[in-house]
Structure formats: structure tokens, C-alpha cells
Amino acid sequence: MPLSKDALWYKDAIIYQVHVRTFHDSNGDGIGDFQGLEKKLDYLQELGISAIWLMPFFPSPLRDDGYDIADYNGVHSSYGTLEDFRKLLEAAHERGIRVIIEMVLNHTSDQHPWFQEARSSRENPRRDWYVWSDTDARYKGARIIFLDTETSNWAWDPISKSFYWHRFFSHQPDLNYDNPAVREQMWNVMKFWLDMGVDAFRLDAVPYLVEREDTNCENLPETHNILKELRRKLDEQFTGRMLLAEANQWPADLRPYFGEGDEFHMAFHFPLMPRMFMGLKLEDRKPITEILQQTPEIPPSCQWSLFLRNHDELTLEMVTDMERDYMYDMYAENKTMRLNLGIRRRLAPLLNNDRRRVELMNGMLMSLPGTPIIYYGDEIGMGDNISLGDRNGVRTPMQWSGGKNGGFSGAEAERLCAPLIQDPVYGYPAVNVLAQRESEHSLLRWMQRIVTVRRSTGVFGRGSIEFLHAANHRILAYLRRLGKEAVLVVNNLSNSAQAVELDLQRYKGNILIEMFGNNIFPRVGELPYLLTMGPYQFYWFRLRRV
Amino acid sequence: MNVDMETKSQSAPSRERVAAIHTELKVEDETFLTDNFLRQLINVGEVDILVGLPTYNNAKTIGSVVRAIQSGILRSFPRERAVIVNADGGSRDGTPELVTGISIDDGRPASNLFALRTLHSISTRYAGSPSSGVALRTILAAAELLRAKACVVMSPESTNIETEWLSKLLRPIYRDGFDLVTPTYRRHKFEGLLMTNLLYPMIRALYGVRIHEPYTSEFGFSGRLGSQFLSQNGWNDGQGVELRLTLAAITGGYRISESFLGEKDHVERRASDLVPTLRETVGVLFSALESDFAKWSTVAVAQPEVPTGGGPGALLDPMRVNRKRLREMFSTGIVELESVFRSILSPSTLAELQRIARSGEDEFHYSGELWVKTVYEFAASFQKSVISRDHIIQALAPLFRGRAFTFLTENRNASANDVENNIEGLCLEFERLKPYLLQVWKSGE
């Protein structure tokens with residue numbers, strides 16, 4: 001299956017986020033690798049996804065699971081070779097699957113040669129590639145992001161006897177983007193991978209590139225200028241490539257990252273995700289519709305990226321204090337589940353392994369405006385292991401079968417890069433790909449089905465949205481429209497059966513075709529359209545005039 | 001806007017659907033809740049908190065009341081599913097629209113308050129003339145259909161309502177498992193004389209429960225008490241329904257608590273309001289004594305105070321009361337209703353009252369003991385229906401005025417403590433003479 005030629009391919013994409021390290025081990029060393037991932041591309045093709053997003057695979061001391069890069073132009077030896085990566089890229093493209101890779105622009109590992117040079121002396125030519133200071137009193141307006149581990153954004157370097165700036169862990173010094181040489185070098189890094197055939201970058205932690213006194217050092221105009229410059233170079237030298245912004249910000253602050261269609265192609269919609277969980281628990285659509293109503297229009301070539309869970313904690317930075325307290329109480333009663341300002345849990349355990357809720361949340365993920373991202377393992381309902389530190393509890397090996405090491409690796413269990421989930425509910429004997437492939441009604445089969453239905457129309461990826469404010473607040477209903485095509489989505493956020501009357505007067509005379517079973521529902525008449533819905537049920541209807 | 005007006009041309013659910021709902025929910029009278037109101041309830045769904053607002057032309061005061069309610073819900077119960085239910089008697093001043101206008105949903109965010117979830121404010125116009133009984137019945141029915149855990153009824157007339165009132169009336173129910181929460185207020189020492197001279201002491205003596213405001217326009221109740229009360233018979237006249245709810249809670253063994261709300265605005269009442277008030281309170285109490293005889297006749301002593309949040313105390317500000325008129329109405333009543341009193345009162349009690357009626361202002365003294373005997377004899381005569389029960393209640397009015405005159409005179413210069421002590425003394429008198437009530441109750445059986 002060839003890759004589509006459409007430059008806006010990302011609008012129709014369904015992205016699968018995968019960690020090479022924990023997906024599949026081909027050589028039995030206990031660590032996932034490129035060849036292992038390549039072997040599983042058929043599985044991903046069967047699932048129906050159209051792009052994979054690889055978490056960092058660069059040489060790294062792995063003190064932050066690869067987000068601490070020590071060499072931007074190589075691959076970590078545990079995952080294979082650069083040639084292995086090339087083959088993976090090729091194999092993915094042959095299957096019509098695009099490849100998105102991480103690019104951590106903001107910082108490097110303190111083991112990166114650039115930083116080693118920079119700290120070696122104040123006169124070193126690379127000194128100015130990082131942000132140094134003789135005092136830790138600068139940029140006091142910048143918040144500390146990793147509250148659980150860091151007490152300051154400055155760290156003392158005993159070698160050069162000065163402070164260096166870091167917005168994340170202290171072993172991740174921030175690059176100095178005021179230095180033109182840094183900007184040039186980072187473009188060269190990106191170009192290296194683009195030349196190889198990589199389709200897109202997820203640019204990590206982009207709001208923090210530039211620091212200025214008397215600001216919070218986030219979303220600064222200078223940062224946007226740098227990002228626009230990268231985009232300009234990308235457009236000049238490549239076609240059909242994409243930049244995805246990781247900027248955990250409020251919608252109004254996110255909007256500038258799209259520029260006038262000249263900055264990022266896509267950005268994660270961080271504030272929406274916790275509100276989907278909140279709406280489900282409250283049985284009330286208000287949090288969801290409110291945040292989407294606050295979401296500004298974006299240029300036609302741009303797209304939001306939606307997700308339910310990812311490799312990080314379920315971030316609660318973009319919620320109010322009251323909402324955060326509510327989320328903690330509802331989803332992380334056990335305090336060990338909390339990390340920084342978030343909850344380090346996977347989708348299925350968050351939803352008490354309730355299949356109906358898992359389906360409803362995925363239904364919303366696939367039907368709200370944006371490109372959905374599925375986190376590896378969530379398609380089979382994998383669990384987490386909160387006894388593992390940091391965010392490692394949601395980064396356990398993929399569960400392929402009920403056999404040895406869940407089919408992830410042939411290595412001895414003690415050599416695995418991370419322990420498999422083994423509890424009775426979520427453990428690999430109970431939750432695995434092989435078993436779910438063989439069951440017609442498994443979550444995996446259901447996910448394949450919803451992906452197929454989503455891809456059967458362009459309306460979800462490119463259409464407009466209009467909320468139908470049904471008087472029943474437990475029902476979240478919206479119309480997605482693209483040209484003459486219209487799809488009605490109705491979600492019951494409640495644990496109980498609900499009746500709802502929808503105002504579909506504009507579609508009087510249309511019949512409703514339920515998109516999963518292709519069954520016909522009654523024609524829209526004079527009266528509001530009455531639907532009764534089971535607990536957590538959702539419908540997708542194609543509206544059609546016959 | 002969720003105003004339920006049958007004349008509005010909103011789409012109606014099918015008759016079959018509504019009929020099915022009626023049947024399933026066992027609402028006894030099919031016309032009791034309108035289709036439109038049912039549709040609103042369907043949209044609201046199950047709730048944790050229900051705030052009932054009975055209204056009739058309250059546009060002048062309802063704005064501040066609903067704002068306080070909205071604020072109270074958002075502050076004290078931000079996570080709970082809440083609804084405000086307005087049962088309106090046919091207001092023509094836009095009262096229902098003012099109530100429904102404070103809904104918070106994704107189409108109408110709260111202007112300056114943060115709301116975690118949707119807050120429905122719905123309204124229905126019940127059939128018939130304005131009646132607190134029908135209004136409360138509507139609210140109770142809504143509470144049952146929505147499976148509300150904790151409910152509160154708020155007065156639409158309060159001009160000094162505080163945001164905290166809602167929490168004070170609801171929290172003991174929602175958090176602590178109480179079934180009825182009645183308020184206590186800081187009132188002027190001469191306010192609520194019927195309460196302090198009859199209802200409180202008599203209920204305390206007979207039922208053994210100390211509830212300072214057993215008849216009030218603001219109170220909280222649990223869903224289970226509401227459901228049980230809704231299923232009781234006797235909704236036809238709907239009179240004194242608030243007091244009946246209190247008595248039902250007492251006799252049903254429900255957990256009762258009091259909450260101190262603070263100062264209560266004084267509402268001016270006309271003299272002509274007394275008889276209807278007596279019907280709604282004393283009439284209801286006397287009726288209840290008949291059905292509750294097995295219970296109250298065996299209660300020996302009053303239990304300790306129910307839990308309360310702070311003491312009410314009394315305000316001592318000057319308050320104008322026309323004492324002369326009270327005495328005149330008492331004396332006139334004694335003369336004009338002599339034949340009625342002969343049917344109700346014992347000869348000795350009547351003779352004593354006549355003696356007092358003839359006395360001058362300085363000698364006028366309607367003692368506590370005589371007052372308690374009077375009330376008990378009225379109660380016994382009411383039970384025996386010696387004459388029309390309504391006439392019995394009406395006949396109590398002049399006597400109450402005489403007792404009020406004495407109370408005002410005795411306490412003219414009394415401190416708040418003195419007033420409380422005097423009320424306590426009257427309570428003890430009611431308790432001491434309880435055997436007398438049993439005696440006159442059973443006489444002639």
C-alpha cells in the first residue's frame with residue numbers, strides 16, 4: 001500500500017505511539033529494537049493505523065527514557081543500527097505507514113558531547129550553546145515543571161563553577177537558542193533524518209526554547225520566530241512532511257504555534273484530554289464542550305492532535321485547582337498514582353477496565369476534531385504497574401501473547417528492560433494480542449473496527465464540528481460536516497440509560513445510517529429526534545437524504 | 001430556558017411515553033406533574049442535591065435568593081449533581097424566568113463563578129391556586145423521580161439569605177446521615193410567639209423532641225424521608241404540609257437536626273393572618289395527635305436537644321407591638337364566642353378566662369398553666385369534634401392573643417436569657433400537664 005501523496009495526510013491519519021524499547025525484542029537481549037518493531041508492522045497495518053510515532057531512540061544515558069539525548073545523529077545501540085532504522089522506515093512506508101520521530105529541541109543530556117565541551121571551560125567555543133549564569137536568581141518567573149524532583153530551574157556545575165539552566169531534569173541542560181550556531185545545528189539534525197525519509201517530527205517541549213527576564217519563559221515571541229524559521233526551511237527543502245508540537249498550554253496560548261499555517265502543522269490538544277475523563281466521571285458534557293468552545297480556530301492546513309493516554313502522566317497542568325483535586329480524587333485515590341501534576345496510569349485501569357467506558361472514550365477520541373493517537377497497548381486494554389518509578393509504570397513491554405515474557409522477548413525475565421504486567425486482571429496471560437486476535441468480540445477487534453469506520457470518511461479528520469446542546473447534559477452530541485457529508489455523533493456519558501431529544505430540523509427528511517452496522521434509523525421529522533441510549537453508549541450516524 | 005408552560009409550543013413526547021413514565025414511577029395522580037415538567041426531569045436525571053423553591057409572584061426577592069442558592073451549590077457542593085426545582089403557583093411577574101435564568105450549562109457559563117458541572121434550574125407551574133402544599137408535593141415528587149439524596153426547600157421571600165444557609169441545611173443530611181434539618185434563627189424576642197408559646201413546647205412535651213422551629217419555610221430533608229412523606233395520604237388540602245413533614249420525621253424515627261442560620265428577616269403579618277396560620281399549624285398538630293396517639297401518649301420525657309450548629313439567642317432591638325389591641329381582641333372574643341367556648345373548654349378554664357377578660361390592663365395575666373390547660377382542652381375537643389374542627393381552631397385565635405399579651409408584658413424588659421428561661425418554664429408546664437391532656441383526651445370515651 002503506497003503512501004498517499006496528499007500533503008495534508010496528517011489530517012486523515014490515525015497515529016500509533018510506540019516505544020521501540022518496549023514493543024518487541026528481536027534478538028533476545030531483553031530490549032525492544034527496530035527489527036522487532038519491523039516484524040510487528042503487519043500487526044499495526046491490521047489495526048488500521050496510518051502512522052507510527054516513535055519515542056526517542058537516540059544514544060542516551062536513558063535517565064529520562066531517551067528524552068535525554070547524547071547524540072542526535074545516531075541510534076541507541078540497544079535498538080539496533082542506523083541501517084536497521086532505515087529498513088524499518090522503508091518497511092513502514094511499504095505498508096502505507098508514515099513514521100514520526102521525536103526531536104528534543106529544548107535540551108540535551110548532560111552527557112552530550114556539546115555539553116561536555118561547554119562545561120569544560122568558560123572559554124570553550126561550545127560554552128554559549130547552553131544557558132549559563134553566575135547566579136540562580138535569573139528568570140524567576142519560570143515555573144518548575146518536575147515539581148516532584150526539582151527545586152530550581154538552575155543547577156550548579158561544579159566543573160565550570162556556574163549555574164546552567166534546565167526546565168526539566170537537572171541532567172537535561174537547555175540549549176541556548178539565542179545562539180545562531182545552535183539553531184543552525186538543530187536544523188541540520190532535523191535535515192539528517194528528513195533526508196533519510198522520516199515523515200514528521202514530534203518536537204518536544206517547544207514552549208521553552210528561549211528565556212527572557214520578567215517573563216515565565218514560555219511561549220515567547222522569540223521562540224515562535226525560531227520555530228517559524230525551522231518550518232520555513234522544512235517547506236523550502238521538503239514536501240509532505242509534518243511538524244507536531246508538544247506544548248502543554250491553554251488553547252489560547254497554543255494557537256500561536258500554528259501561526260498563519262507557517263509554524264506547526266499539528267499540536268497536541270492537552271487541555272481536552274483530562275476534560276474527557278472529567279466529563280465521563282461527572283457524567284456531564286460541560287467540561288468537554290467548554291474547552292472545545294474555548295479552542296480557537298486554526299488555519300485550514302493545521303490540525304489538532306488528540307489522545308487519551310501517552311507515555312507521560314495524564315497531565316493536569318491545564319486544569320483549575322478544583323478540577324485537579326477532582327481528578328485526583330476520582331482517578332488517583334492512591335497517591336502513588338500521582339506524579340508531578342498528573343496521574344501516571346494507563347487507559348484501561350483509569351476506567352476500571354470497564355469495556356463500555358473504554359469504547360466510549362475511544363469513540364470520542366476518533367470522532368472529535370483532530371487526529372487521534374493510540375498509545376501502544378491501549379488497543380488491547382493493557383494495564384500499568386505503579387510500583388515502577390517515574391512514568392515507567394505505563395511503559396511496560398507490549399503483551400503479544402500468553403507465552404514467555406508475553407511474547408515480547410525470548411530473554412530471561414530478569415534481563416528484560418522492564419517487567420511485564422503480571423497481575424491477574426491486566427497481566428499478559430489475560431490481556432494479549434494473540435488471544436484478542438482470536439476473539440471476535442475482543443477490544444482489539446473492536447478497535448480495528450472503529451479505526452476502519454473512522455477511515456471510511458474524511459469528515460472526522462477534516463470536517464467542521466457543531467455541538468447540539470441537548471437539554472440532557474449527560475449526552476454529548478455533535479455534527480461533523482465536510483462538504484455535503486454530515487455525521488451525527490451522540491455519546492452517552494452516563495452510567496445509566498438516557499433519553500435525549502435532538503434538534504435536527506435542518507436535516508428534516510434525512511435518514512440516519514448507523515455507521516458500525518450500516519442499519520437505517522427512522523427519518524428525521526417535525527419533532528426533535530428521540531434517541532434512547534444505553535449506559536456509555538455512543539452512535540455515529542451518517543445523515544443521508546434518500 | 002426550562003420554564004414549563006403548557007402553552008409553549010415545545011415538542012411533546014408521545015402520549016404513550018409519558019403514560020409509561022407515569023406508570024413506572026407510580027405517580028398516583030396522572031395529571032399531577034405535567035408532561036413538560038417530566039421532560040425537564042428526564043433531562044436533569046439523577047441528582048445528589050435538590051433545592052426546592054415554591055414561588056408565587058416573588059420577583060422582588062427571588063433574584064437574591066436564587067443567586068445565594070447558586071453560589072451555595074457551587075461553593076459547598078461543586079462536585080454533586082444538583083438541581084433547582086421551582087414549583088410556581090402561576091406568577092405573573094416573571095418569577096419562574098428569574099429562577100431558570102441561573103442555570104449553568106455549556107451554553108450558559110456562570111459569569112463569575114466556576115462550575116465544575118451543569119447546574120439545572122427548572123420550573124413548573126402546578127395546577128390550581130397557589131398553595132405551599134401543592135408546591136411542596138411537586139418538589140417532593142421531583143425529588144423522588146430524580147432520586148435526590150438530600151433536598152432543601154428555601155423561602156422565596158428571604159431578603160437576607162446567606163450563601164451558607166444552603167450548606168447548613170443540606171450538609172447534615174448529605175454528609176452526616178440526618179433526615180430532617182430545621183433551622184433556628186436569631187429572632188426578635190417577640191417574634192414567633194405561636195412557635196414559642198404553643199408549637200415548640202407542645203411538640204416537645206408530647207413527642208419528646210425539641211425542635212425550635214417545627215414549622216418553617218426553610219428546611220432540609222433526606223430523599224428517603226421525602227419519599228416516605230410523599231406516599232402518605234392527605235395531600236388534598238395541602239395545609240401545614242411543612243409541619244406535617246416535621247411530625248412525620250419525628251414519628252417515623254428519622255434522624256433530626258437543627259442548624260443555626262443567623263438572623264431572620266422579620267416579615268410583617270397582618271392580624272387577619274392569624275387564623276389561616278393557626279389552621280396550618282395548630283390545626284395540623286391537633287389532627288396529627290389523633291393519628292399519632294399511640295406514639296405521643298407513651299413518650300415520658302423530652303429527649304435532649306437535637307444536634308444544632310450554634311445557639312439562636314434573641315434580638316432585643318425595639319419592636320413595635322400593639323398590645324392594647326391584643327387584649328381587646330381577647331376580651332371581645334371571650335364575650336362573643338362564649339357559647340363556642342362552652343363546647344370546647346371545661347367550666348373552670350372558661351370561668352378563669354372570663355375573669356381575666358374582665359380584668360384591667362394592669363391585672364391582666366394569662367398564666368402559663370392556664371394557657372397549657374386551654375390548649376390541651378382545645379386539642380381534646382378537636383379530637384372529639386365537639387363542634388366543627390375549623391371553628392375550634394378559629395376560636396383559639398382570641399385566646400392566643402390574650403396569651404401573647406401576657407407574654408409580651410412579662411418579657412417587656414427581659415433579657416434574652418430571661419426570655420429563654422420563660423419559654424423553658426412554659427415547656428416544662430406543657431410537660432407537667434401532659435397527664436391532664438391524656439385525662440381530657442380520654443374523658444367521655
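**Helix packing and a chain contact**

Visitor: Hi! Which residues of helix 8 of chain B are buried?
Guide: Hello! In this predicted model, the buried residues of helix 8 (residues 223-230) of chain B are Gly223(B), Leu225(B), Gly226(B) and Phe229(B).

Visitor: Where around the axis do they sit?
Guide: They are on the same side of helix 8 of chain B, because they cover an arc of only 165° around the axis.

Visitor: Switching topic: at what angle do helix 15 and helix 18 of chain B cross?
Guide: Roughly 30°, with the axes of helix 15 (residues 368-384) and helix 18 (residues 434-442) of chain B coming within 9 Å. Angles under 35 degrees count as roughly parallel, and these two helices are therefore roughly parallel to each other.

Visitor: Is that crossing left-handed or right-handed?
Guide: Right-handed.

Visitor: Which residues make the contact?
Guide: Helix 15 of chain B brings Lys373(B), Tyr376(B), Glu377(B), Ala379(B), Ala380(B) and Gln383(B), while helix 18 of chain B brings Tyr436(B), Leu437(B), Val440(B) and Trp441(B). By type, there are seven nonpolar residues, one polar and two charged.

Visitor: Nice. How many residues of chain A are in contact with chain B?
Guide: 20 residues of chain A, which meet 14 residues of chain B.

Visitor: Which elements of chain A give two or more residues to that side?
Guide: Helix 11 (286-293), helix 12 (321-331) and strand 18 (498-502) of chain A.

Visitor: How do the residues on that side of chain A divide?
Guide: Into seven nonpolar, six polar and seven charged.

Note on methods
Residues are numbered from 1 along each chain as its sequence is written. Chains are lettered from A and ligands numbered from 1 in the order in which they are written. This is a predicted model: local features need pLDDT of at least 70, side-chain atom pairs count only at pLDDT 80 or more; totals for chains, interfaces and linings use all residues. A residue is buried if 20 or more other C-beta atoms lie within 10 Å of its own, exposed if 12 or fewer, and partly exposed in between; C-beta atoms are placed from the backbone. Helices (H or I, at least four residues) and strands (E, at least two) are DSSP runs, numbered from the N terminus. The arc is that of the directions from the helix axis to the C-beta atoms. Axes are lines fitted to C-alpha atoms, for helices over the stretch in contact, and angles run from 0 to 180 degrees between N-to-C directions. Angles under 35 degrees count as roughly parallel, over 145 as roughly antiparallel, 65 to 115 as roughly perpendicular and the rest as oblique. A crossing is left-handed if the near helix is turned anticlockwise from the far one by less than a right angle, and right-handed if clockwise. Two residues are in contact if their C-beta atoms, placed from the backbone, lie within 7 Å. Ala, Val, Leu, Ile, Met, Phe, Trp, Tyr, Cys and Pro count as nonpolar, Asp, Glu, Lys and Arg as charged, and the others, Gly among them, as polar.
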